[in-house]
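Q: I would like to go through this structure with you. Could we take the loops, the ligand and the packing in turn?

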Amino acid sequence: MDRANVVIIGGGVVGCAIAHALSSQIEDVFVLEALPRLGMLTSSRNSGVIHSGIYYPPGSLKAHHCVHGNRLIYEFCAANRVPHKNIGKIVVAASTAEETDLIALMENGRANGVEGLRIIDRAAIRAREPHIEGHCALEVPSAGILSSEDLVKTFARVAVDRGAHILTTAKVEHLENLSDGIRVTSTAGEIETRCLVNSAGLFADEIASMLGSNMARHKIYPVRGEYCELVRAKQDWVKGLVYPLTHAPGLSLGVHLTKTLWGNVLVGPTARYIDDKNDYENDREPVANFAASAKHLLPAIEPADFVPAYAGIRPKLIPPDSAAVESNGKGIADFVIERDPEFPCVVQLIGIESPGLTSAPSIAEHIATLVGEILD
Ligand SMILES: Cc1cc2nc3c(=O)[nH]c(=O)nc-3n(C[C@H](O)[C@H](O)[C@H](O)COP(=O)(O)OP(=O)(O)OC[C@H]3O[C@@H](n4cnc5c(N)ncnc54)[C@H](O)[C@@H]3O)c2cc1C
């Protein structure tokens with residue numbers, strides 16, 4: 001039987017970033033990914049936005065990892081030729097009444113350490129985005145876009161170059177606690193490890209429960225986010241990243257407009273609780289709903305200008321009842337990242353929803369510290 005120092009369950013962007021960070025210091029690091037390719041789930045079904053960190057409560061893990069991850073992502077992408085662009089974004093206030101909330105958002109971002117934030121007026125919005133309607137906007141220069149599939153592949157490639165072992169079609173089915181580690185049984189075989197990292201995304205709560213851990217109480221509620229695209233003739237109507245001002249940023253940042261690296265414009269994602277973590281397509285939102293949401297920003301757009309695109313599923317920790325959302329203030333649950341109190345050689349990552357793509361390299365640094373403590 002193989003023996004590992006670290007086994008990481010999940011070959012999404014977070015698992016691969018962790019393998020990348022660990023492989024520079026530790027030998028015998030393994031990633032076990034259930035699917036035939038890396039990053040096939042949430043890590044390639046997102047907006048591909050490098051977030052800045054303006055929305056999250058100061059002091060939260062989301063705020064820290066997003067702001068720090070933003071800097072690390074630009075450095076990593078530049079050093080490893082991952083396609084990306086620092087195009088900035090605007091958050092648009094529709095009326096004078098919304099200006100106070102926009103200023104509060106700017107102050108929240110500044111408290112998190114986001115640099116370069118400023119309010120611009122309608123004329124400046126128009127100079128930047130001629131088709132966008134708004135009273136004023138928050139300009140966020142550190143936001144950008146990247147190819148999330150290339151990011152996953154590049155973290156993995158560098159990790160493998162440094163000696164990490166990445167196995168696909170290796171679905172973890174059984175975990176057994178040993179006196180000096182964990183025995184992991186997957187569809188690719190059995191391996192004993194001194195340290196286990198649960199980075200299984202939407203299924204992280206199920207992995208915690210497979211271990212018999214009380215951390216499975218952090219139940220994941222899948223929330224689907226669907227996208228449309230603007231038809232080719234209207235792609236030039238949006239130049240960059242354009243977001244509405246959301247008043248209760250809980251489930252999502254509101255349906256927004258994302259110019260991708262390939263020049264198309266994504267509209268979305270929507271946010272709806274679903275029952276099945278694998279259900280990307282049933283009962284899709286009508287195109288007319290996307291048109292209605294986007295019209296606030298792009299008044300001249302019509303339903304015929306939209307075509308349905310892909311969907312992704314967020315691993316939310318907040319259950320689908322409004323009382324729980326309200327009791328949590330703005331409905332923002334933080335990432336859960338910690339050594340399991342009952343199984344100290346296990347690090348659990350649960351609820352790694354947005355901004356998980358941006359945060360991945362910063363989360364990986366954090367995990368490297370925790371793994372270092374375990375292996376010491
Ligand atoms: C609609 C949407 C838009 C988003 N937009 C952005 C954005 O613009 N910017 C941003 O920063 N973040 C964004 N996010 C969040 C970001 O995509 C996620 O936080 C990130 O991809 C999570 O990565 P992960 O590696 O934790 O999870 P995943 O990508 O889900 O990877 C987990 C992996 O674990 C594997 N796995 C599960 N169970 C097992 C098992 N038993 N054995 C082995 N392997 C297993 C899965 O197959 C999967 O590949 C968005 C998310 C969504 C849904």
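Q: To start, where is the place of Glu281?
A: Glu281 sits in the loop between strand S17 (272-273) and helix H7 (287-295). Helices (H or I, at least four residues) and strands (E, at least two) are DSSP runs, numbered from the N terminus. The model is predicted: local features need pLDDT of at least 70, side-chain atom pairs count only at pLDDT 80 or more, and totals for chains, interfaces and linings use all residues. Residues are numbered from 1 along each chain as its sequence is written, and side-chain values use heavy atoms, with hydrogens and water left out.

Q: What does the side chain of Glu281 join in a polar contact?
A: The side chain of Arg284, at 3.0 Å. A polar contact is a pair of N or O atoms within 3.5 Å; within protein, one must be able to donate a hydrogen and the other to accept it, and residues adjacent in sequence count only if both atoms are side-chain atoms.

Q: Why does Glu281 count as partly exposed?
A: Because its relative accessibility is 48%. Buried means under 20% relative accessible area, exposed over 50%, and partly exposed in between, with a 1.4 Å probe and protein chains only.

Q: And how far is Glu281 from Arg81, by C-alpha atoms?
A: Their C-alpha atoms are separated by 33 Å, and the two residues are 200 apart along the chain. Arg81 is in the loop between H2 and S4 and counts as exposed, at 77% relative accessibility.

Q: What is the phi of Arg81?
A: Positive, about 55°, although Arg81 is not a glycine. Asp28 also has a positive phi of about 55° without being a glycine; Asp28 lies in the loop between H1 and strand S2 (29-32). Most residues other than glycine have a negative phi, and most peptide bonds are trans.

Q: Turning to the ligand, which residues come nearest?
A: Of the 39 residues around the ligand, Glu33, Ser43, Val172, Ile352 and Thr358 come nearest; a residue is near if one of its heavy atoms lies within 4 Å.

Q: What is the distance from Ser43 to the ligand oxygen?
A: A polar side-chain atom of Ser43 lies 2.5 Å from an oxygen atom of the ligand. A side-chain N or O atom of Thr358 is 2.7 Å from a ligand oxygen. The protein covers 97% of the 1,000 Å² of accessible area that the ligand has on its own, by the Shrake-Rupley method with a 1.4 Å probe, where for residues only the protein chains shown count as cover.

Q: On to H9: is Ser362 buried or exposed?
A: Ser362, in helix H9 (residues 356-375), counts as buried because its relative accessibility is 2%. Leaving aside neighbours within four places in sequence, its contacts (heavy atoms within 4.5 Å) are His64, His65, His68, Gly69 and Leu72.

Q: Last topic: what is the order of the open sheet of three strands?
A: S3-S8-S4, with antiparallel pairing. Strands S3 (49-50) and S4 (84-85) stand at the edges with a single partner strand each, so one side of each has no neighbour in the sheet. Two strands pair if DSSP finds at least two bridges between them; two bridges join S3 to strand S8 (residues 144-146).
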